[in-house]
Amino acid sequence: MSSLLTEGDLGHEDSVVWLEDPAGLDYVRQTLDKTKRRATKPPYLRDGRMIGYVRLDDTAEPDPDSGLYKRRVFFLLPHDRDSLPHGLYQEGAPGEAVDPRTVGPGRPGTKTDRSQRGPGTTPTA
């Protein structure tokens with residue numbers, strides 16, 4: 001999934017758990033992962049590092065076919081701006097990137113000037 005998540009995708013979110021302070025990050029990548037549990041730290045099976053995840057409330061039901069819960073995970077890859085400030089994403093951001101300051105339970109993150117262009121930019125009119 002990408003930054004195109006809707007509030008309907010996130011109806012049973014209870015809280016966001018940040019493993020790193022998101023205040024110093026221009027963006028995080030967000031995706032929906034399928035996990036066995038609704039509230040514990042999910043496994044992380046991709047390059048880079050997990051920045052945070054969402055806990056689901058007690059009314060969340062697992063998928064009837066897989067028995068797994070869909071939960072948002074926030075992460076960064078080794079070539080993202082925080083690790084390589086002069087790299088591929090010196091300007092611009094990956095499609096699934098959102099400003100972590102706009103993330104909340106049941107609220108999809110959004111793109112901002114900072115997430116798209118970096119900390120040294122001024123807002124566009």
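Reader: What does the side chain of Thr-35 reach, and at what separation?

Author: In this predicted model, the side chain of Thr-35 reaches the backbone oxygen of Arg-37 at 2.8 Å. The cut-off for a polar contact is 3.5 Å between N or O atoms, and the 2.8 Å of this pair is within that limit.

Reader: Why is Thr-35 called buried?

Author: Happy to show you. Buried means under 20% relative accessible area. Thr-35 has 4%, so it is called buried.

Reader: Where is Thr-35 found, and what stands opposite?

Author: Thr-35 is found in strand 2, residues 28-35. Opposite Thr-35 stands Tyr-69 in strand 4. Tyr-69 is also among the residues that Thr-35 touches beyond four places in sequence, along with Pro-42, Leu-68 and Arg-71. Arg-71 in turn stands opposite Asp-33.

Reader: How do you know that strand 2 and strand 4 pair?

Author: At least two bridges are needed for two strands to pair. Strand 2 and strand 4 have seven, in the antiparallel sense, so they count as a pair. Strand 3 and strand 4 meet the requirement too, with four antiparallel bridges. Here Met-50 stands opposite Phe-75 in strand 4.

Reader: What makes strand 1 and strand 5 edge strands?

Author: The open sheet has five strands in the order 1-3-4-2-5, with antiparallel pairing. Strand 1 (13-18) and strand 5 each pair on one side only, and that makes them the edge strands.

Reader: What makes strand 4 mostly covered?

Author: The count does: seven of the eight residues in strand 4 are buried.

Reader: Why does Ile-51 count as buried?

Author: Ile-51 has 0% relative accessibility, and the cut-off is under 20%, so Ile-51 counts as buried. Ile-51 is found in strand 3. Leaving aside neighbours within four places in sequence, its contacts include Val-17, Trp-18, Leu-25, Val-28, Phe-74 and Leu-76.

Reader: Which residues touch the most other members of the largest nonpolar core?

Author: This core has 15 residues, and those touching the most other members are Leu-25, Tyr-27, Val-28, Ile-51, Leu-56, Phe-74 and Leu-76. Two or more residues come from each of strand 3 (49-56), strand 4 (69-76) and strand 5 (97-98).

Reader: What is Tyr-27 in contact with, leaving aside its neighbours within four places in sequence?

Author: Its contacts include Leu-76, Asp-80, Arg-81, Tyr-89, Pro-100 and Ser-115. Ala-97 and Val-98 are among them as well.

Note on methods: Residues are numbered from 1 along each chain as its sequence is written. This is a predicted model: local features need pLDDT of at least 70, side-chain atom pairs count only at pLDDT 80 or more; totals for chains, interfaces and linings use all residues. Side-chain values use heavy atoms; hydrogens and water are left out. A nonpolar core is a set of buried Ala, Val, Leu, Ile, Met, Phe, Trp, Tyr and Cys residues joined through side-chain atoms within 4.5 Å. Buried means under 20% relative accessible area, exposed over 50%, partly exposed in between (1.4 Å probe, protein chains only). Contact means heavy atoms within 4.5 Å. A polar contact is a pair of N or O atoms within 3.5 Å; within protein, one must be able to donate a hydrogen and the other to accept it, and residues adjacent in sequence count only if both atoms are side-chain atoms.
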